[in-house]
Amino acid sequence: MTMQSAQEYAREVRSSRIVGVTTKVGGMQSWPVPEHSAFDSLTGTPVPLNLYDSADDRIKPVKAGKVATMYVCGITPYDATHLGHAATYLAFDLIYRQLKANGHDVHYVQNVTDVDDPLFERAERDNVDWRELGTSQIDLFRSDMEKLSVFPPQDFVGVQEAVDEVIDMVQELIDKGVVYAIDDPEYPDLYVRVNATEQFGYESRFSREEMLDVFAERGGDPERPGKEDPLDALVWKMARPGEPSWDAPFGAGRPGWHIECSAIARNRLSVPFDIQGGGRDLVFPHHEFSAAHAEAATGEPRMAGHYVHGGMIALDGVKMSKSLGNLVFVSKLLEEGHTPAAIRLSVFSGHYRADRDFSGAILKQCESLVERLRASVDKPSTRAEAEALVTEIREALADDLDTPRAIAAIEAWANREWTGDSDPEAGRIVASALDALLGIKL
């Protein structure tokens, strides 16, 4: 089947292809844009944004046009938003804010993996319908992001609503000769060859041995019999009993993990786009394969100009994990009365790329800083002091989101002895900068 005929096929069965699942209508809803009038009164000179790029292993300028384009991998909605999730989306919220403060419009896309094994497994464990579980967790995620004043993606896309796009892209890869069906008479799943692109491996910079070790740990199946290469990646999983599936010209089934992001990003941002982002655990295999699939389909040598990854969050020195039961949920922190400003500052107290700690003591320190800032904006200060602080914040954040440096400058301003002339506008200047650049609303 040709690419054109695959697209026509997708349109013909768009309303009826899904087996046992109601097709969503109108797309997934994002959350409201936070009040952002502070950008109108933001002072200081824009500072070009520089970010660390995982592929090039260096900090380099973000080269964006009038509209900066950014794709960030979203949640698999089987559990509430914990602080590790929030840290990732808060980091990219900072990027969004710096781009906006520098005069860019931002086209931000985020997916939701609302069809995946972990969701089905959790639903079966809890004896609930997987669609109901997914919907409830997506709603909670949206609520958490709204309360934390995170700028929403313009395109918030669930896999269920993007299956047509995935089918088109899989067919395109089939037509290019880089997809094969595994030799399994019961489930002849489709795989993309690891050598579909010459540049495979550039994004993670992993050796083949490292790839093989990590692949099995993070959703891969290197030991599956019948694969041409252990690193070949699943792009279409043939229908299994009890699982949702969609009709396709190459057999009913559902998308593989990596191809969903390739298709969603390509169709909304085109390739190449400016920033591909997520947690550091996505460097390989997810981002490597997402890039490879898009590059194989388009012929572009590089999917994104920057590959940006955040570090992991630990609780009191111990890595947060479901198995250890030490997850800190954003909704619980908010229910306990902790302010969004303090939660944001507690995440920003460490650098976004670093594995860093969260604790009650850190949150308490940040709550104290918020209170001191609220008092400080009403105290006498000179306009020059306020504008110097804004400049320091801009420069720190432009330097690979150096939030510890920015917070140190803010704390020094809040703790200083107030002397000399004062300007009644100084406090407003600082408050506007904290709101616009850091999302800290006083």
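Modeller: Glu-425 and Arg-428 form a salt bridge, their closest N and O atoms being 2.4 Å apart. Please keep in mind that this is a predicted model.

Biologist: How many salt bridges does the structure hold?

Modeller: It holds 33 salt bridges. One of them joins Arg-302 to Asp-53, with the closest N and O atoms 2.6 Å apart. That pair links distant parts of the chain, 249 residues apart: Arg-302 sits in the loop between helix H8 (283–298) and strand E13 (304–310), and Asp-53 in strand E2 (residues 50–53).

Biologist: Is that pair buried or exposed?

Modeller: Arg-302 counts as buried at 19% relative accessibility, and the cut-off for buried is under 20%. Asp-53 is buried, with a relative accessible area of 0%. Both residues belong to a network of salt bridges that also links Asp-56 and Lys-60.

Biologist: What does Arg-353 pair with?

Modeller: Its side chain meets that of Asp-400 in a salt bridge, at 2.8 Å from N to O. Arg-353 is partly exposed at 29% relative accessibility, whereas Asp-400 is buried at 1%.

Biologist: How much of H2 is buried?

Modeller: H2 is mostly covered, with 17 of its 19 residues buried. From its first C-alpha to its last it reaches 26 Å, close to the 27 Å expected. Gly-103 follows the helix and has a positive phi, near 95 degrees.

Biologist: Changing topic, what is the strand order in the open sheet of three strands?

Modeller: The order is E15-E14-E16, with mixed pairing. E15 (318–319) and E16 (356–358) each have a single partner strand, so one side of each lacks a neighbour in the sheet. E14 (residues 313–315) and E15 run antiparallel and are joined by two bridges. Ala-314 has Lys-319 in E15 as its bridge partner.

Biologist: Where does Asn-326 lie?

Modeller: Asn-326 is in the loop between E15 and helix H9 (330–335). Its side chain reaches the backbone oxygen of Val-318 at 3.5 Å.

Conventions
Residues are numbered from 1 along each chain as its sequence is written. This is a predicted model: local features need pLDDT of at least 70, side-chain atom pairs count only at pLDDT 80 or more; totals for chains, interfaces and linings use all residues. Side-chain values use heavy atoms; hydrogens and water are left out. Two strands pair if DSSP finds at least two bridges between them. Helices (H or I, at least four residues) and strands (E, at least two) are DSSP runs, numbered from the N terminus. A polar contact is a pair of N or O atoms within 3.5 Å; within protein, one must be able to donate a hydrogen and the other to accept it, and residues adjacent in sequence count only if both atoms are side-chain atoms. The expected span of a helix is 1.5 Å times one less than its number of residues. Buried means under 20% relative accessible area, exposed over 50%, partly exposed in between (1.4 Å probe, protein chains only). A salt bridge is a side-chain nitrogen of Lys or Arg within 4 Å of a carboxyl oxygen of Asp or Glu.
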